[in-house]
Amino acid sequence: MLLVGFFSLLLLADGATSEGNCTYQDILNHLHFKDDYSPFYMSRPVKDHKSATVVNLDLRIYAILQVKEKEQIFVPYVWITMWWKNDYTSWDPEEFCGIEFMSIPTGLMWKPDVTVVEMTERDKVAPSPYLTITHRGNIEITNDQVLTSTCRMQVYKFPFDIQSCHLTFKSFIHTDKEIKLLPYLDSSNATKDSSEVMRIQSEWLFINMAVTSKTADLYGFNQSLVVYTINMKRRSALYIVNFILPILFLLCLDLASFLVSDSGGEKLGFKVTVLLAVTVMQLILNEILPSSSNRIPLIAVYCIGVFTLMMLSLLETVLVMHLIGKDSAPRDKETEKDRNQFNKLIHLTCYRDVFPGESPTEVLPVAKKDSTSRLREESTVSDELREVMKTLTLLLDSRKEEQAPGYWTGVAQKINKAFSIFYVTAASLFLLFMVIKWNYDGN
(Lines give C-alpha, C1' and ligand atoms only; values in the text may rest on other atoms or scores of the structure.)
Protein backbone atom coordinates (compact mmCIF):
# COMPACT_ATOMS: atom_id res chain seq x y z
CA MET A 1 0.00 0.00 0.00
CA LEU A 2 2.83 2.37 0.85
CA LEU A 3 4.49 1.61 -2.52
CA VAL A 4 1.28 2.29 -4.45
CA GLY A 5 0.77 5.57 -2.60
CA PHE A 6 4.35 6.63 -3.39
CA PHE A 7 3.87 6.06 -7.13
CA SER A 8 0.58 7.94 -7.04
CA LEU A 9 2.28 10.94 -5.53
CA LEU A 10 4.94 10.85 -8.26
CA LEU A 11 2.29 10.78 -10.99
CA LEU A 12 0.43 13.66 -9.41
CA ALA A 13 3.64 15.67 -9.14
CA ASP A 14 4.51 14.94 -12.75
CA GLY A 15 0.99 15.94 -13.88
CA ALA A 16 1.21 19.15 -11.92
CA THR A 17 4.56 19.88 -13.53
CA SER A 18 3.17 19.25 -17.04
CA GLU A 19 0.12 21.36 -16.45
CA GLY A 20 2.29 24.13 -15.04
CA ASN A 21 4.52 24.29 -18.20
CA CYS A 22 1.86 25.24 -20.74
CA THR A 23 3.03 28.72 -21.73
CA TYR A 24 5.64 30.04 -24.13
CA GLN A 25 7.36 31.76 -21.25
CA ASP A 26 7.92 28.38 -19.63
CA ILE A 27 9.80 27.29 -22.74
CA LEU A 28 11.86 30.47 -22.71
CA ASN A 29 12.69 29.88 -19.05
CA HIS A 30 13.61 26.31 -19.86
CA LEU A 31 15.98 27.53 -22.58
CA HIS A 32 17.43 30.11 -20.20
CA PHE A 33 16.41 32.70 -22.74
CA LYS A 34 17.27 36.24 -21.74
CA ASP A 35 17.85 39.45 -23.65
CA ASP A 36 21.54 39.41 -22.82
CA TYR A 37 22.14 35.69 -23.35
CA SER A 38 24.87 35.74 -26.01
CA PRO A 39 24.61 32.16 -27.43
CA PHE A 40 21.34 33.15 -29.11
CA TYR A 41 22.45 36.16 -31.17
CA MET A 42 26.15 36.96 -30.70
CA SER A 43 27.64 34.14 -32.79
CA ARG A 44 26.76 31.12 -34.89
CA PRO A 45 24.55 28.88 -32.74
CA VAL A 46 26.77 25.77 -32.82
CA LYS A 47 28.40 23.89 -29.99
CA ASP A 48 31.33 22.88 -32.20
CA HIS A 49 32.83 25.67 -34.30
CA LYS A 50 34.04 23.12 -36.88
CA SER A 51 30.49 22.19 -37.83
CA ALA A 52 28.84 24.30 -40.52
CA THR A 53 25.44 25.89 -40.16
CA VAL A 54 23.23 24.50 -42.93
CA VAL A 55 20.80 27.14 -44.17
CA ASN A 56 17.90 25.85 -46.27
CA LEU A 57 16.52 28.34 -48.76
CA ASP A 58 13.16 28.50 -50.56
CA LEU A 59 12.21 31.16 -53.11
CA ARG A 60 8.82 31.78 -54.70
CA ILE A 61 8.07 34.47 -57.26
CA TYR A 62 4.78 36.18 -56.55
CA ALA A 63 4.93 38.79 -59.35
CA ILE A 64 7.14 40.12 -62.13
CA LEU A 65 6.69 43.83 -61.54
CA GLN A 66 9.02 45.39 -64.08
CA VAL A 67 11.72 44.62 -66.62
CA LYS A 68 13.65 47.66 -67.84
CA GLU A 69 15.58 46.79 -70.99
CA LYS A 70 17.22 50.22 -71.25
CA GLU A 71 18.62 50.12 -67.69
CA GLN A 72 18.85 46.28 -67.67
CA ILE A 73 16.97 45.97 -64.38
CA PHE A 74 14.72 43.12 -63.24
CA VAL A 75 12.20 43.81 -60.47
CA PRO A 76 10.34 40.76 -59.06
CA TYR A 77 8.24 40.46 -55.92
CA VAL A 78 9.39 37.31 -54.07
CA TRP A 79 8.79 35.32 -50.93
CA ILE A 80 12.01 34.10 -49.29
CA THR A 81 11.98 31.47 -46.56
CA MET A 82 15.11 30.36 -44.68
CA TRP A 83 15.59 27.91 -41.83
CA TRP A 84 18.61 26.53 -39.99
CA LYS A 85 19.52 24.58 -36.86
CA ASN A 86 20.24 26.27 -33.52
CA ASP A 87 21.99 23.94 -31.09
CA TYR A 88 20.68 25.88 -28.08
CA THR A 89 16.96 25.97 -28.80
CA SER A 90 15.34 22.55 -28.37
CA TRP A 91 12.85 21.08 -25.92
CA ASP A 92 10.63 18.09 -25.38
CA PRO A 93 7.03 18.95 -26.34
CA GLU A 94 5.68 16.40 -23.85
CA GLU A 95 7.07 18.49 -21.01
CA PHE A 96 5.30 21.63 -22.27
CA CYS A 97 1.76 20.51 -23.09
CA GLY A 98 2.65 19.48 -26.64
CA ILE A 99 3.99 22.89 -27.74
CA GLU A 100 6.18 22.23 -30.78
CA PHE A 101 6.92 25.75 -32.03
CA MET A 102 6.69 29.39 -31.02
CA SER A 103 7.39 32.86 -32.40
CA ILE A 104 9.79 35.41 -30.98
CA PRO A 105 11.15 38.77 -32.22
CA THR A 106 13.80 38.44 -34.90
CA GLY A 107 16.21 40.74 -33.08
CA LEU A 108 16.66 38.22 -30.27
CA MET A 109 18.15 35.44 -32.44
CA TRP A 110 21.21 35.02 -34.63
CA LYS A 111 20.40 35.11 -38.36
CA PRO A 112 22.61 34.21 -41.34
CA ASP A 113 23.89 37.20 -43.33
CA VAL A 114 22.42 36.02 -46.63
CA THR A 115 22.20 38.56 -49.43
CA VAL A 116 21.39 38.69 -53.15
CA VAL A 117 24.45 39.40 -55.29
CA GLU A 118 22.50 41.08 -58.13
CA MET A 119 20.52 43.39 -55.86
CA THR A 120 21.15 47.08 -56.59
CA GLU A 121 18.64 48.67 -54.24
CA ARG A 122 17.52 47.56 -50.81
CA ASP A 123 13.85 46.89 -50.24
CA LYS A 124 12.20 49.76 -48.40
CA VAL A 125 9.64 47.45 -46.79
CA ALA A 126 10.57 46.45 -43.24
CA PRO A 127 11.47 42.76 -42.77
CA SER A 128 9.28 40.39 -40.82
CA PRO A 129 9.40 41.28 -37.08
CA TYR A 130 9.10 37.65 -35.95
CA LEU A 131 10.69 34.30 -36.59
CA THR A 132 9.65 30.80 -35.62
CA ILE A 133 11.58 28.31 -33.50
CA THR A 134 10.68 24.61 -33.25
CA HIS A 135 11.23 22.05 -30.53
CA ARG A 136 13.95 20.41 -32.67
CA GLY A 137 16.01 23.60 -32.66
CA ASN A 138 15.11 24.79 -36.18
CA ILE A 139 14.80 28.54 -36.75
CA GLU A 140 12.56 29.68 -39.62
CA ILE A 141 12.08 33.18 -41.03
CA THR A 142 9.97 34.34 -44.01
CA ASN A 143 10.20 37.69 -45.77
CA ASP A 144 8.50 39.17 -48.81
CA GLN A 145 10.70 41.53 -50.81
CA VAL A 146 10.67 43.66 -53.93
CA LEU A 147 14.10 42.87 -55.37
CA THR A 148 15.58 45.51 -57.68
CA SER A 149 18.33 43.52 -59.37
CA THR A 150 20.55 43.71 -62.40
CA CYS A 151 19.88 41.42 -65.35
CA ARG A 152 21.91 41.09 -68.52
CA MET A 153 19.28 41.54 -71.22
CA GLN A 154 19.70 39.68 -74.50
CA VAL A 155 17.54 41.72 -76.88
CA TYR A 156 18.87 40.24 -80.14
CA LYS A 157 15.47 38.69 -80.98
CA PHE A 158 13.34 41.53 -79.58
CA PRO A 159 10.31 41.40 -79.37
CA PHE A 160 10.43 37.58 -79.58
CA ASP A 161 13.15 37.30 -76.93
CA ILE A 162 13.46 35.05 -73.90
CA GLN A 163 15.22 36.56 -70.89
CA SER A 164 17.05 34.71 -68.14
CA CYS A 165 17.64 36.67 -64.92
CA HIS A 166 19.65 35.32 -62.01
CA LEU A 167 19.16 35.77 -58.27
CA THR A 168 22.29 34.55 -56.47
CA PHE A 169 22.12 34.05 -52.70
CA LYS A 170 25.30 33.96 -50.62
CA SER A 171 26.69 34.93 -47.25
CA PHE A 172 28.38 38.29 -46.80
CA ILE A 173 31.44 37.14 -44.85
CA HIS A 174 31.11 33.45 -43.95
CA THR A 175 32.91 30.73 -45.86
CA ASP A 176 31.38 27.46 -46.98
CA LYS A 177 32.87 25.83 -43.88
CA GLU A 178 30.79 28.11 -41.67
CA ILE A 179 27.54 28.54 -43.61
CA LYS A 180 26.34 26.12 -46.25
CA LEU A 181 23.37 27.17 -48.38
CA LEU A 182 21.06 24.49 -49.76
CA PRO A 183 17.93 24.91 -51.92
CA TYR A 184 14.82 23.34 -50.46
CA LEU A 185 13.12 22.51 -53.79
CA ASP A 186 14.51 21.36 -57.10
CA SER A 187 13.85 23.20 -60.38
CA SER A 188 10.60 21.45 -61.31
CA ASN A 189 8.97 21.87 -57.89
CA ALA A 190 10.18 25.47 -57.58
CA THR A 191 8.67 26.24 -61.00
CA LYS A 192 5.40 24.60 -60.01
CA ASP A 193 5.12 26.50 -56.72
CA SER A 194 5.95 29.86 -58.34
CA SER A 195 3.44 29.26 -61.15
CA GLU A 196 0.69 28.57 -58.60
CA VAL A 197 1.26 31.76 -56.61
CA MET A 198 2.12 34.03 -59.58
CA ARG A 199 -0.31 36.94 -59.79
CA ILE A 200 1.26 39.62 -62.01
CA GLN A 201 3.54 39.06 -64.99
CA SER A 202 3.27 42.41 -66.79
CA GLU A 203 4.23 41.93 -70.46
CA TRP A 204 6.15 38.75 -69.64
CA LEU A 205 5.20 35.09 -69.54
CA PHE A 206 6.89 33.06 -66.78
CA ILE A 207 8.41 29.88 -68.27
CA ASN A 208 10.36 28.16 -65.50
CA MET A 209 12.88 28.63 -62.71
CA ALA A 210 16.14 26.69 -62.56
CA VAL A 211 17.75 26.09 -59.17
CA THR A 212 21.45 25.32 -58.72
CA SER A 213 23.80 25.24 -55.75
CA LYS A 214 27.55 25.52 -55.99
CA THR A 215 30.69 26.62 -54.22
CA ALA A 216 32.65 29.48 -55.73
CA ASP A 217 35.89 31.23 -54.91
CA LEU A 218 34.89 34.80 -54.08
CA TYR A 219 37.19 37.41 -52.59
CA GLY A 220 39.90 34.86 -51.89
CA PHE A 221 37.82 32.21 -50.06
CA ASN A 222 35.15 29.69 -50.97
CA GLN A 223 31.52 30.53 -50.39
CA SER A 224 28.34 28.54 -50.79
CA LEU A 225 25.93 29.87 -53.43
CA VAL A 226 22.34 29.14 -54.43
CA VAL A 227 21.38 30.51 -57.85
CA TYR A 228 17.78 30.89 -59.01
CA THR A 229 17.48 31.49 -62.76
CA ILE A 230 14.12 32.92 -63.83
CA ASN A 231 13.30 32.31 -67.49
CA MET A 232 10.53 34.41 -69.03
CA LYS A 233 9.25 35.16 -72.51
CA ARG A 234 8.05 38.51 -73.77
CA ARG A 235 4.45 38.88 -74.94
CA SER A 236 5.12 40.14 -78.46
CA ALA A 237 1.58 40.71 -79.81
CA LEU A 238 1.51 44.41 -78.92
CA TYR A 239 4.88 45.06 -80.56
CA ILE A 240 3.79 43.25 -83.72
CA VAL A 241 0.65 45.37 -84.05
CA ASN A 242 2.20 48.71 -83.08
CA PHE A 243 5.66 48.45 -84.61
CA ILE A 244 6.43 45.60 -87.01
CA LEU A 245 3.23 45.73 -89.07
CA PRO A 246 3.21 49.55 -89.51
CA ILE A 247 6.74 49.44 -90.92
CA LEU A 248 5.70 46.60 -93.23
CA PHE A 249 2.71 48.66 -94.41
CA LEU A 250 5.01 51.63 -95.10
CA LEU A 251 7.18 49.33 -97.21
CA CYS A 252 4.10 48.24 -99.17
CA LEU A 253 3.13 51.90 -99.71
CA ASP A 254 6.59 52.64 -101.02
CA LEU A 255 6.28 49.66 -103.36
CA ALA A 256 2.90 50.92 -104.59
CA SER A 257 4.44 54.29 -105.43
CA PHE A 258 5.96 52.71 -108.57
CA LEU A 259 2.47 52.94 -110.07
CA VAL A 260 2.57 56.74 -109.75
CA SER A 261 3.73 58.73 -112.80
CA ASP A 262 7.25 60.14 -112.71
CA SER A 263 6.33 63.25 -114.71
CA GLY A 264 5.18 65.25 -111.68
CA GLY A 265 6.67 65.87 -108.24
CA GLU A 266 3.94 64.04 -106.29
CA LYS A 267 5.83 60.74 -106.33
CA LEU A 268 8.98 62.29 -104.91
CA GLY A 269 7.07 64.02 -102.10
CA PHE A 270 5.23 60.80 -101.26
CA LYS A 271 8.45 58.80 -100.95
CA VAL A 272 10.05 61.43 -98.72
CA THR A 273 7.02 61.32 -96.40
CA VAL A 274 7.15 57.53 -96.10
CA LEU A 275 10.89 57.65 -95.40
CA LEU A 276 10.38 60.16 -92.59
CA ALA A 277 7.72 57.90 -91.04
CA VAL A 278 10.24 55.03 -90.82
CA THR A 279 12.75 57.42 -89.24
CA VAL A 280 10.23 58.23 -86.49
CA MET A 281 9.77 54.50 -85.80
CA GLN A 282 13.54 54.12 -85.44
CA LEU A 283 13.62 56.91 -82.87
CA ILE A 284 10.94 55.13 -80.85
CA LEU A 285 12.94 51.90 -81.01
CA ASN A 286 16.05 53.69 -79.76
CA GLU A 287 14.19 54.59 -76.55
CA ILE A 288 13.46 50.92 -75.82
CA LEU A 289 16.60 48.96 -76.59
CA PRO A 290 19.78 49.19 -74.48
CA SER A 291 22.85 50.67 -76.12
CA SER A 292 25.15 48.12 -74.47
CA SER A 293 23.93 45.14 -76.47
CA ASN A 294 26.74 42.99 -77.90
CA ARG A 295 24.81 42.22 -81.09
CA ILE A 296 22.63 44.43 -83.23
CA PRO A 297 19.01 43.45 -82.47
CA LEU A 298 17.07 41.94 -85.33
CA ILE A 299 14.38 44.61 -84.96
CA ALA A 300 17.07 47.23 -85.67
CA VAL A 301 18.22 45.25 -88.70
CA TYR A 302 14.60 45.14 -89.83
CA CYS A 303 14.24 48.94 -89.58
CA ILE A 304 17.60 49.61 -91.23
CA GLY A 305 16.81 47.20 -94.07
CA VAL A 306 13.44 48.81 -94.79
CA PHE A 307 15.00 52.27 -94.51
CA THR A 308 17.72 51.27 -97.00
CA LEU A 309 15.22 49.95 -99.53
CA MET A 310 13.18 53.13 -99.29
CA MET A 311 16.29 55.28 -99.62
CA LEU A 312 17.33 53.44 -102.79
CA SER A 313 13.81 53.85 -104.12
CA LEU A 314 13.95 57.59 -103.43
CA LEU A 315 17.31 57.94 -105.20
CA GLU A 316 15.98 55.97 -108.17
CA THR A 317 13.00 58.32 -108.42
CA VAL A 318 15.29 61.36 -108.41
CA LEU A 319 17.42 59.82 -111.19
CA VAL A 320 14.39 58.93 -113.33
CA MET A 321 12.89 62.40 -112.95
CA HIS A 322 16.24 63.94 -113.92
CA LEU A 323 16.47 61.84 -117.09
CA ILE A 324 12.90 62.65 -118.10
CA GLY A 325 13.62 66.33 -117.52
CA LYS A 326 16.51 66.20 -119.97
CA ASP A 327 14.08 65.23 -122.77
CA SER A 328 11.23 67.53 -121.77
CA ALA A 329 13.35 70.73 -121.76
CA PRO A 330 14.13 70.79 -125.57
CA ARG A 331 10.59 69.71 -126.32
CA ASP A 332 9.17 72.60 -124.33
CA LYS A 333 11.43 75.04 -126.17
CA GLU A 334 10.27 73.69 -129.52
CA THR A 335 6.62 74.00 -128.54
CA GLU A 336 7.14 77.56 -127.36
CA LYS A 337 8.86 78.42 -130.64
CA ASP A 338 5.94 77.00 -132.66
CA ARG A 339 3.47 78.94 -130.58
CA ASN A 340 5.36 82.21 -131.19
CA GLN A 341 5.38 81.56 -134.94
CA PHE A 342 1.64 80.92 -134.93
CA ASN A 343 1.06 84.16 -133.02
CA LYS A 344 3.01 86.13 -135.61
CA LEU A 345 1.12 84.46 -138.43
CA ILE A 346 -2.22 85.28 -136.82
CA HIS A 347 -1.16 88.89 -136.26
CA LEU A 348 -0.30 89.36 -139.94
CA THR A 349 -3.45 87.57 -141.04
CA CYS A 350 -5.52 89.91 -138.86
CA TYR A 351 -4.27 93.02 -140.63
CA ARG A 352 -4.57 91.53 -144.07
CA ASP A 353 -8.18 90.55 -143.46
CA VAL A 354 -9.18 93.90 -142.01
CA PHE A 355 -7.17 96.09 -144.47
CA PRO A 356 -6.89 94.12 -147.69
CA GLY A 357 -4.23 95.30 -150.09
CA GLU A 358 -2.63 97.63 -147.51
CA SER A 359 0.55 97.37 -145.53
CA PRO A 360 0.44 97.58 -141.73
CA THR A 361 2.07 101.02 -141.87
CA GLU A 362 -0.87 102.40 -143.86
CA VAL A 363 -3.50 101.19 -141.41
CA LEU A 364 -3.39 104.11 -139.02
CA PRO A 365 -4.37 106.93 -141.48
CA VAL A 366 -7.08 104.87 -143.06
CA ALA A 367 -8.47 103.88 -139.69
CA LYS A 368 -8.95 107.52 -138.75
CA LYS A 369 -11.15 108.15 -141.80
CA ASP A 370 -13.64 105.36 -141.19
CA SER A 371 -13.22 104.25 -137.59
CA THR A 372 -16.73 102.96 -136.94
CA SER A 373 -16.93 100.47 -139.79
CA ARG A 374 -13.36 99.38 -139.32
CA LEU A 375 -13.84 98.61 -135.58
CA ARG A 376 -16.94 96.55 -136.31
CA GLU A 377 -15.12 94.45 -138.88
CA GLU A 378 -12.07 94.15 -136.63
CA SER A 379 -14.22 92.86 -133.73
CA THR A 380 -15.75 90.17 -135.90
CA VAL A 381 -12.39 89.04 -137.19
CA SER A 382 -10.85 89.06 -133.68
CA ASP A 383 -13.46 86.61 -132.41
CA GLU A 384 -12.74 84.29 -135.25
CA LEU A 385 -9.00 84.59 -134.65
CA ARG A 386 -9.39 83.70 -130.99
CA GLU A 387 -11.10 80.49 -131.96
CA VAL A 388 -8.29 79.79 -134.40
CA MET A 389 -5.68 80.41 -131.68
CA LYS A 390 -7.40 78.00 -129.29
CA THR A 391 -7.54 75.34 -131.96
CA LEU A 392 -3.90 75.79 -132.85
CA THR A 393 -2.86 75.65 -129.18
CA LEU A 394 -4.73 72.38 -128.68
CA LEU A 395 -3.08 70.99 -131.78
CA LEU A 396 0.34 71.95 -130.48
CA ASP A 397 -0.29 70.37 -127.08
CA SER A 398 -1.64 67.18 -128.61
CA ARG A 399 1.35 66.99 -130.89
CA LYS A 400 3.62 67.35 -127.88
CA GLU A 401 1.88 64.46 -126.14
CA GLU A 402 1.84 62.27 -129.20
CA GLN A 403 5.52 62.72 -129.87
CA ALA A 404 7.61 59.57 -129.39
CA PRO A 405 9.53 59.48 -126.09
CA GLY A 406 13.02 60.83 -126.23
CA TYR A 407 16.21 58.90 -125.68
CA TRP A 408 16.57 59.74 -122.01
CA THR A 409 12.91 59.06 -121.33
CA GLY A 410 13.36 55.58 -122.76
CA VAL A 411 16.42 55.04 -120.58
CA ALA A 412 14.44 56.22 -117.53
CA GLN A 413 11.60 53.79 -118.30
CA LYS A 414 14.04 50.88 -118.56
CA ILE A 415 15.71 51.86 -115.29
CA ASN A 416 12.33 52.16 -113.57
CA LYS A 417 11.23 48.73 -114.78
CA ALA A 418 14.49 47.04 -113.80
CA PHE A 419 14.53 48.70 -110.38
CA SER A 420 10.92 47.70 -109.74
CA ILE A 421 11.84 44.04 -110.29
CA PHE A 422 14.93 44.43 -108.11
CA TYR A 423 12.94 46.18 -105.38
CA VAL A 424 10.26 43.50 -105.16
CA THR A 425 12.87 40.71 -105.17
CA ALA A 426 15.08 42.37 -102.55
CA ALA A 427 12.14 43.20 -100.27
CA SER A 428 10.80 39.63 -100.47
CA LEU A 429 14.20 38.06 -99.74
CA PHE A 430 14.81 40.50 -96.89
CA LEU A 431 11.47 39.76 -95.22
CA LEU A 432 12.07 36.01 -95.61
CA PHE A 433 15.49 36.44 -94.02
CA MET A 434 13.99 38.29 -91.06
CA VAL A 435 11.33 35.62 -90.49
CA ILE A 436 13.97 32.88 -90.50
CA LYS A 437 16.27 34.74 -88.11
CA TRP A 438 13.47 35.55 -85.68
CA ASN A 439 12.14 31.98 -85.61
CA TYR A 440 15.23 29.79 -85.83
CA ASP A 441 18.25 31.79 -84.77
CA GLY A 442 19.32 31.55 -81.13
CA ASN A 443 19.64 34.44 -78.68
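**Salt bridges and burial**

Modeller: Let us begin with one residue of this predicted model: arginine 234 is buried, its relative accessible area being 2%.

Biologist: Which residue forms a salt bridge with arginine 234?

Modeller: A salt bridge is assigned when a side-chain nitrogen of Lys or Arg lies within 4 Å of a carboxyl oxygen of Asp or Glu. Arginine 234 meets this rule with aspartate 161, where the closest N and O atoms are 2.8 Å apart. The pair ties together parts that are 73 residues apart in sequence, because arginine 234 lies in strand β12 (residues 221–234) and aspartate 161 in the loop between β8 (148–150) and β9 (162–171).

Biologist: Is aspartate 161 buried or exposed?

Modeller: A residue counts as buried when its relative accessible area is under 20%. Aspartate 161 has a value of 0% and is therefore buried.

Biologist: Which residues are linked with Asp161 and Arg234 in a network of salt bridges?

Modeller: The network also takes in Glu69 and Glu203. For the model as a whole, the rule gives six salt bridges.

Biologist: How should I read arginine 60, and which residues does it meet in salt bridges?

Modeller: One partner is aspartate 58, with an N to O distance of 3.7 Å. Another is aspartate 193, for which the closest N and O atoms are 3.4 Å apart. The pair of aspartate 193 and arginine 60 links distant parts of the chain: aspartate 193 belongs to helix α3 (residues 187–197) and arginine 60 to strand β1 (residues 53–68), 133 residues apart.

Biologist: What is the relative accessibility of arginine 60, and what are the values for aspartate 58 and aspartate 193?

Modeller: The class between the buried and exposed cut-offs, 20% and 50%, is called partly exposed. Arginine 60, at 28%, is therefore partly exposed. Aspartate 58 is buried at 9%, and aspartate 193 is buried with a relative accessible area of 17%.

Biologist: How many helices and strands does the protein chain have, and what percentage of its residues count as buried?

Modeller: The secondary structure comprises nine helices and 12 strands. Of the 443 residues, 37% count as buried. The chain exposes about 26,000 Å², and carbon and sulfur atoms supply 60% of that area.

Biologist: What percentage of the contacts join residues at least 24 apart?

Modeller: Among contacts between residues at least 6 apart in sequence, the figure is 78%.

Key
Residues are numbered from 1 along each chain as its sequence is written. This is a predicted model: local features need pLDDT of at least 70, side-chain atom pairs count only at pLDDT 80 or more; totals for chains, interfaces and linings use all residues. Side-chain values use heavy atoms; hydrogens and water are left out. Buried means under 20% relative accessible area, exposed over 50%, partly exposed in between (1.4 Å probe, protein chains only). Helices (H or I, at least four residues) and strands (E, at least two) are DSSP runs, numbered from the N terminus. Contact means heavy atoms within 4.5 Å. Accessible areas come from the Shrake-Rupley method with a 1.4 Å probe; for residues, only the protein chains shown count as cover.
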